[in-house]
Amino acid sequence: MSSQDPDEEIKTLLEKYSIKPDSESRLKSLLPRIISTFGGDKPVKNIIEELEIHQQSADTLVAEWAQDALQGLRKGAPFSLCLTQRYFSRVASVCGKNENNLSKLPGVMRTEYRIAIRAALRNDFTEGVRAVLLDKDQNPRWNPSSLEEVNFNEVEALFEPLGPKAELNV
């Protein structure tokens, strides 16, 4: 297959190997449910409650998705779940607001770095490594051990700058 137009050759080749799916992608069909379940400023406890309801759905795709999501969430450290939810909520709330540092890549990266360093210093990180990689008992002992015990002032503190000199390191 050699023609004078390489673009035509590529189109022909792509058509030869492309297929049209019989149905829309799983993600596309679940996206409205994902957005409504995880969107907004919902506490993690409410997200889990919604997923438990979705698990009972007659739509097997929705029920399986909810079960998979719950399985993943239940493995996480309560503090980390609340931190992640709060971070995603903050980023979503500034979408389209160019004056906020979380609406620009440098601000997002600075915040991500700050949170990652500070979260890694918490006991949950080492406990997760212990449970999964060292002892391999898959039974982490989180501190705090439940969502209800999470101190939201501690969660918020991970977002705060330490000051001009300290900020260079964390």
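**View 1. Lys136 and Gln138 sit in the loop between H7 and H8**. Helices here are DSSP runs (H or I, at least four residues; strands are E, at least two), numbered from the N terminus. In this predicted model, local features need pLDDT of at least 70 and side-chain atom pairs count only at pLDDT 80 or more, while totals for chains, interfaces and linings use all residues. Residues are numbered from 1 along each chain as its sequence is written, and side-chain values use heavy atoms, with hydrogens and water left out. Lys136 is not a glycine, yet its phi is positive, about 55°. Gln138, also a residue other than glycine, has a positive phi near 55°. Lys136 counts as exposed because its relative accessibility is 58%; exposed means over 50% relative accessible area, buried under 20%, and partly exposed in between (1.4 Å probe, protein chains only). Gln138 counts as exposed too, at 54%.

**View 2. A cis peptide bond joins Asn143 and Pro144**. Look for an omega of about 5° at this bond. Pro144 belongs to the loop between H7 and helix H8 (152-157).

**View 3. Glu127 is a buried residue of helix H7**. The helix spans residues 123-134. Glu127 has 9% relative accessibility, so it counts as buried. Setting aside neighbours within four places in sequence, Glu127 is in contact (heavy atoms within 4.5 Å) with Asn139, Pro140, Arg141 and Trp142.

**View 4. Arg86 and Val155 touch each other**. Arg86 lies in helix H5 and counts as partly exposed because its relative accessibility is 23%. Beyond residues up to four places away in sequence, Arg86 also touches Asp41, Glu156 and Phe159. Val155, with its neighbours within four places left aside, contacts Phe79, Cys82, Leu83 and Val150 as well as Arg86. For a sense of scale, Arg86 and Val129 are 43 residues apart in sequence, and their C-alpha atoms are 23 Å apart.

**View 5. The largest nonpolar core holds 25 residues**. Such a core is a set of buried Ala, Val, Leu, Ile, Met, Phe, Trp, Tyr and Cys residues joined through side-chain atoms within 4.5 Å. Leu51, Leu83 and Val155 have the most contacts inside this core. Two or more residues come from each of helix H3 (44-54), helix H4 (60-75), helix H5 (78-93) and helix H6 (105-120). H4 gives the largest share, 6 residues. In soluble globular proteins, nonpolar side chains tend to be buried together.

View 6. On a 1 Å grid over the protein atoms alone, a pocket is an open set of points where a 1.4 Å probe fits, with protein on both sides within 12 Å along at least five of seven lines; lining residues have an atom within 4 Å of a point. Among the lining residues are Phe38, Val44, Ile47, Leu73, Thr84, Gln85 and Phe88. H3 and H5 each supply at least two lining residues, and H5 gives the largest share, 6 residues. The lining has 7 nonpolar, 5 polar and no charged residues, where Ala, Val, Leu, Ile, Met, Phe, Trp, Tyr, Cys and Pro count as nonpolar, Asp, Glu, Lys and Arg as charged, and the others, Gly among them, as polar.
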